[in-house]
Amino acid sequence: MATIQEIVSKEKPLVSGHRMCAGCGIPPIVNTIISASDKPVVIANATGCLEVTSTIYPFTAWNVPWIHLTFENAAAVAAGIETALRAFRKQGKIDTDVNIIAIGGDGGTYDIGFQALSGALERRHKFMYVVYDNQGYMNTGNQRSGATPFGASTTTVPSGRVSIGKPQWRKNIVEIVAAHRVPYAAQAAVHNLLDLYNKAKKGFEVDGPSFLAVFQPCTTNWHYDPSLTIQYSKLAAETNFWPLYEIENGKVKINYKPKERKPIEEFLKGQGRFRHLFKPENKHVIEEMQKMVDEEWERLLKLEESGVQL
Amino acid sequence: MAKLKPLTGAQATAEAMRQINPDVVVAYPITPQTPIVEFFAQFVADGVVDTEMVPIESEHSALSAVVGASAAGARAMCATSSQGLALMWEIVAAAPGLRLPIVMPVVNRALSAPINIHCDHSDTMGTLTLGWVQIYSENAQEAYENMLLALRIAEHPNVLLPVMVMQDGFITSHGVEVVKVLEDEEVKKFISERKPDRYLLNVKNPYTVGPLALPDYYFEVKRQQEVAIYNAKDVYLEVGEELSKLTGNKYPLFEEYRTEDAEAVIVALSSTAGTAKDAVDEMREQGYKVGLIKPKLFRPFPYKEMRETLERFKVVGVLDRSIAFGAYAPVYSEIRNALYESDKKPKLQSYIYGLGGRDIFKTDIKKVFEELLSGNVDSQTQRYIGLRE
C-alpha cells in the first residue's frame, strides 16, 4: 500500500502551468490516478475543463502522450489507441505495455459521450475510463447534465418562482457501467486521494475495462470559497450524498461508512447552486433529498451485505 | 504479374485493403458500404491480414477510433456512406486538423430525407469544405487503384491529410467487373511502411495531439492545413506516375475522353463517366465532335488545369448528381469558378441528374450533347435530366 508521500513524490504527468481555476480538484485527481500506473500511460481527453485548461496551444501541461478529439468520444478514441497497441504488439513492433486512460467530465460521460462509453465497455477494450464529476457542464458555465443532482439550480434549469432547479435525480453511472459486466468500477472523491489511488491501481490491474467516477466540487459554478473544495468533497461522503464504493467483478464493497451520517443540509449549505433550497417554501425539497440519499444508502448497504453479483 | 479477378467495387476496395494490410480497421455497417467491411472482416476471420478489426457502435465512434489509432501510429481505416458520413461529420471535420493520414472509402449514396439507399453524391459533396483529399472512381478498377494512391498521398510528408476514395453506391459497389489486381508483393513495396515522426504510443517522446488553439494560433494552423491540401495535387501526380509503372494506367487530375477536336464536352464524375464514354463513342461515329471530362481529384480542385482545358471547347455541360440547395450545383460551381479568369470562356450549362439512384442512360447523355451543340444553353439556369415535372 502506497503512502501519500510516495504518491506525491512521483513525477507528475500533469505539470504546473495549466490554467485550472483556483481550488479545482481535477489536477490532483489526474495525477493520483496516473501515479497508480506501473506502466506508461496514454491519455484520451474529452472536451471539457481539463482539456481546455491544460493544452492552450502552443503550450501543454502534459508530459505524457495525450490526445483530445471532440466532446463525446474519449472512449472511442481510447478504444482506437488500445486497438493500435494490440496490433503493434501482435506484429512485434512494440514491446512495452501501456495503460490507456480516457478522461471526461460528467457531460462528456453521462450524456453526450455515453454511447461511445457503453460501446467501448461492451467490446471490453482494456482501458480505464475516468469521469471527474462536477455535476454539470461547468466548462460552459453550469448547465444541467445527467449528473446534476435533484434540486440544484443550473443555468439551463434555474430555480425560479415555479422551479426548484433540476427536478430529476442524477443518473447512477457506476451501476450502469457495472451492468456492462466490467471487472472493476468504483466511485471515489477528491478528498480521499489514497482511496482513489488504490482504486486506480485495482482498475489498472484488471483484464478489461475499468471505470472510476470521481467527485469533484466546482468552486466556480457551485459558488463557494475556493479553499473549501476538499471540505465539500468530504461532506458529500459524510452525508452519504456520494458514497465511496467499488464494484469488483459485480460485487459491491463500500469503502467508507460514516459513523454518524451527517444531515444533507451540511453538504448543501454555502453552495450557491442550493441556496434557494433554504427558503421556507423549499423545505420539502431538502426533505425529499434527504429521503433519496437515505434510500440509496440503504440500497447500497443491502447490495454489499447480500453479496449479489450486479 | 497482375491477375484478373471478377470483383464488385466493394470487393475491389476490400482487396486493396487486404493488400495494404492496415493495422486497424473499424467497421460500422451502412448500405451500400456494408460489403466492403464484410469482405474485409472475412479476411480478418481467415487470418490473411494482421489487422485488428473493431466492429464499433456508430460511425461517429468509428472515425473517432480510427483517429485514435492513427494518432497512436497505426495505419487505420474505416468506410462509410451517406447517413454514416453525416453522423461522423464532426470527426470528418476534426481529422484533417490533426493532420492524420487516414484513408476512408466512401460509397456514395443519397442523404435523408426522404430516406433512400441509392446512389447520388449528396453525401460527399456536403463535406467539400472540411479538408479531406477527395478522389472519385469511375469503376471497380479505379476504386481499387485509387485506394493505393490515396494511402501514399495521405502519408506523404508534404500532405499528411485524410483521403476519401469514392465509388457509386450499388452501380459500382455491387456491380461485378473484371479487375486487374496487382501482386501482393508489388503493393507491399509500393505502399512501404508507415513511419510517423511522432505518435502517441512512442511513450518516451510524449506529444500532445489536438490542443486548444485560441485566436492567437488557430488561423495559422488552418493556413498550414490549406497549404497541405494544395500540396496534395503534385503528390497525386507524382505518386500516380509511380503507380502507373505497375498498372499501366494513367492518373491525371481529370480524364479527357475523345476531347482532341471536341466542340462540346460534358463534365461528369464517377460511373456516369462510363455511360458518357459510350454515348461519346456513338455520337463520334455519327460525326459529332463531342468529348468527356471526368474529374478524378476533386479536392484539391485543379482550377488552373481545368481552365486551360475547358478554354478549348465551345460549350460545356456539367452533370451534377447532387443539388446545392439555393446555389449552383457543386461540380458546376467549380467549373464556373475555374473559368472566371478566362478570356475564352465556353458556354456553360448545368444539369442535375440521377438523384436517389435514378438511372441515367446513354440516350439522356446524347440529348445533353444535342442540346449543347444546338447552342440552346443558359449558364444561369439549372436543367434536369429524367425529372418528371
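Pro300(B) sits in the loop between β13 (297-299) and α11 of chain B, where helices (H or I, at least four residues) and strands (E, at least two) are DSSP runs numbered from the N terminus. The peptide bond that joins Arg299(B) to Pro300(B) is cis, with omega about -5°. This is a predicted model: local features need pLDDT of at least 70, side-chain atom pairs count only at pLDDT 80 or more, and totals for chains, interfaces and linings use all residues. Residues are numbered from 1 along each chain as its sequence is written, chains are lettered from A and ligands numbered from 1 in the order in which they are written, and side-chain values use heavy atoms, with hydrogens and water left out.

**Chain B as a whole**

- Chain B has 13 helices and 16 strands. Its radius of gyration is 21 Å, close to the 21 Å that the globule rule gives for 389 residues, so chain B is as compact as a globular protein of that length. The radius is taken over C-alpha atoms, and the globule rule is 2.2 Å times the number of residues to the power 0.38.
- Along the principal axes, the C-alpha atoms of chain B fill a box of roughly 70 × 55 × 45 Å.
- Of the 389 residues in chain B, 59% are buried. Buried means under 20% relative accessible area, exposed over 50%, and partly exposed in between (1.4 Å probe, protein chains only).
- Among contacts in chain B with a separation of 6 or more, 81% are between residues 24 or more positions apart; a contact means heavy atoms within 4.5 Å.
- Chain B carries 41 positive and 52 negative charges, and their mean positions are 3 Å apart. Lys and Arg count as positive and Asp and Glu as negative, while His and the chain ends are not counted; each charge is placed at NZ of Lys, CZ of Arg, CG of Asp or CD of Glu.

- An open sheet of nine strands runs in the order β10(A)-β9(A)-β7(A)-β8(A)-β4(A)-β3(A)-β1(A)-β2(A)-β9(B), with mixed pairing. Two strands pair if DSSP finds at least two bridges between them.
- Within chain A, strands β1 (residues 41-45) and β2 (residues 66-68) run parallel and are joined by three bridges. Ala44(A) has Ile67(A) in β2(A) as its bridge partner.

**Strand β12 of chain B and its surroundings**

- Six of the six residues of β12 (residues 290-295) of chain B are buried. Val290(B), Leu292(B) and Lys294(B) point one way from the strand, while Gly291(B), Ile293(B) and Pro295(B) point the other way.
- β12(B) pairs with β10 (residues 254-257) of chain B in the antiparallel sense over four bridges. One of the bridge pairs is Glu256(B) with Ile293(B) in β12(B).
- β12(B) also pairs with β11 (residues 264-267) of chain B, in the parallel sense over four bridges. Here Val265(B) stands opposite Gly291(B).
- Thr309(B), in helix α11 (residues 303-310) of chain B, touches Phe254(B), Glu256(B) and Ile293(B), leaving aside residues up to four places away in sequence. Thr309(B) is buried, at 8% relative accessible area.

**Backbone exceptions**

- Most residues other than glycine have a negative phi, and most peptide bonds are trans.
- The bond from Ala113(B) to Pro114(B) is cis, with omega near -5°. Pro114(B) lies in the loop between β5 (103-108) and α6 (122-125) of chain B.
- His223(A) is not a glycine but has a positive phi of about 60°. This residue lies in the loop between α9 (219-222) and α10 (229-238) of chain A, and it is partly exposed at 44% relative accessibility.
- Phe170(B) also has a positive phi, near 65°. Its place is the loop between β7 (163-168) and β8 (176-181) of chain B, and its relative accessible area of 24% makes it partly exposed.

**A helix residue in chain A**

- Glu122(A) belongs to helix α6 (residues 114-122) of chain A and is exposed, at 57% relative accessibility.
- Glu122(A) and Ala179(A) are 57 residues apart in sequence, with their C-alpha atoms 9.8 Å apart in space.
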